[in-house]
Amino acid sequence: MSFSNLGLSAPLVKNIIAQQYEKPYPIQQQAIPAILQGKDVLGIAQTGSGKTASFALPILEKFQHTEPSRNRFVKALVLVPTRELAVQVKDVFHAFGTDLQRKVKTLAVFGGVSINPQMMQLQGTDVLVATPGRLLDLVESKAVHLSQVEVLVLDEADKMLNLGFKEEMDKIFALLPAKRQTILFSATLSNDVQSINEALLHNPVIIAIEAESISPEQINQVAYNIAPEKKGPFLRHLIKQGEWQQVLVFVSATRTADNVADKLNKNGIEAAAMHSKKSQGARTEVLQKFKKGKLRVLVATDLASRGIDIELLPYVINYDLPRSPKDYIHRIGRTGRAGATGEAISLITPEDQHHFKIIQKKMGKQVPIVNAEEIDF
Ligand code: AMP
């Protein structure tokens, strides 16, 4: 199975090759032909499954055969929960959209930054990637019109609902034309997501990608049994001794994120915290720095980490174990992507031990456990 078999034309396939995608991921194999045929799609899939390309590619292809957008009437709307995801989705459209015969203008808009530049850039936008609140502000200011939207994509719909965007989403849905194509992606099929599916999608093609199937074999997982008060020093030891660069550390609380980052900095390891109490501006800045390899350690909570998508991220550390096995898989899925080798390290306190057994059972994989006491640090 290759990308050209899926109905994508030569210039797009050329861009796909330039991105070093060798063959389509399962979600792409299923979603691309369905979207090209104009069908609605319900995808149960997470970050890491390749979901972004699975809608970006067919949208770009479809728009090769249509007139460009008029004025401020966008033709495709991608709703996303966070600013980070908005930027990431826009980047995917840009990467695949270079040098196409019919240029497709894609813009990302989100709150937390000044609205004026976004208003000015909206003219002639074909694909608008937006967080719900900012989109409504722009609609109110008549900077964008939604009455000619041909394709609606809801990306990480469960996350949007969890972040409390239900009301905004309903307002947006009411502004869209009835005749359109709708694509919904969600990591889970909760009751709320199911009701959106029933209300908005018509006979959707349903694609479910198991979280487990995106936990690639290339991820080396290891866990260390450790006393809670030794976690900090041990983390510093691992990073220093292994000379690790670009390390993503997961913690369970905002305060821990700040503390861990502080301690790392005090010990000469450049680190920054990313959590929901940081402003959007600060979050984007830190993430950009981290992505460019200019920040050695990013300490993040789960919520803030959504949308972090860094190819070839070599190290992910669970400083605190996540509560659900799904989150564990989601976290470690951030390493070892796209054929790269990654390492996922978990620090296990005596209290976590039972829970870690459950995680391993759910994952269907045993993780080698080392006793940190036996290591000299
Ligand atoms: P996503 O689930 O859209 O966030 O994509 C996850 C990661 O997989 C991104 O880093 C993509 O660049 C990468 N990716 C998506 N599809 C492919 C593919 N067919 N081959 C190689 N890498 C891919």
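**Helix first, then the sheet**

Reply: This is a predicted model. In α14, the buried residues are Pro-325, Tyr-328, Ile-329, His-330, Arg-331 and Ile-332.

Me: So why is helix α14 largely enclosed by the rest of the structure?

Reply: Six of its eight residues are buried, so helix α14, residues 325-332, is largely enclosed. The cut-off for buried is under 20% relative accessible area.

Me: What caps the N-terminal end of α14?

Reply: Ser-324 does. One of its side-chain oxygens sits 3.0 Å from the backbone nitrogen of Asp-327.

Me: Switching to the sheet. What's the strand order?

Reply: β3-β4-β2-β5-β6-β1-β7. The sheet is open, has seven strands and pairs in parallel.

Me: Which strands stand at the edges?

Reply: β3 (106-109) and β7 (205-208). Each has a single partner strand, so one side of each has no neighbour in the sheet. On average, neighbouring strands of this sheet are turned by 10° against each other, ignoring direction.

Me: How many bridges join β1 and β6?

Reply: Four, in the parallel sense. β1 covers residues 41-44 and β6 covers residues 181-186. Leu-42 is opposite Leu-184 in β6.

Me: New topic: Asn-371. Where is Asn-371?

Reply: Asn-371 is in strand β14, residues 369-371.

Me: Why does Asn-371 count as partly exposed?

Reply: Because its relative accessibility is 31%. Partly exposed lies between the buried cut-off, under 20%, and the exposed one, over 50%.

Notes: Residues numbered from 1 in each chain as written. Predicted model: local features only at pLDDT ≥ 70, side-chain atom pairs only at ≥ 80, totals over all residues. Heavy atoms only, no water. Helix = DSSP H or I, 4+ residues; strand = E, 2+ residues; numbered from the N terminus. Buried < 20%, exposed > 50% of the residue type's maximum accessible area, 1.4 Å probe, protein only. Polar contact = N/O pair within 3.5 Å; in protein donor to acceptor, adjacent residues only side chain to side chain. Pairing = 2+ DSSP bridges. Axes fitted to C-alpha atoms, helices over the stretch in contact; angles between N-to-C directions.
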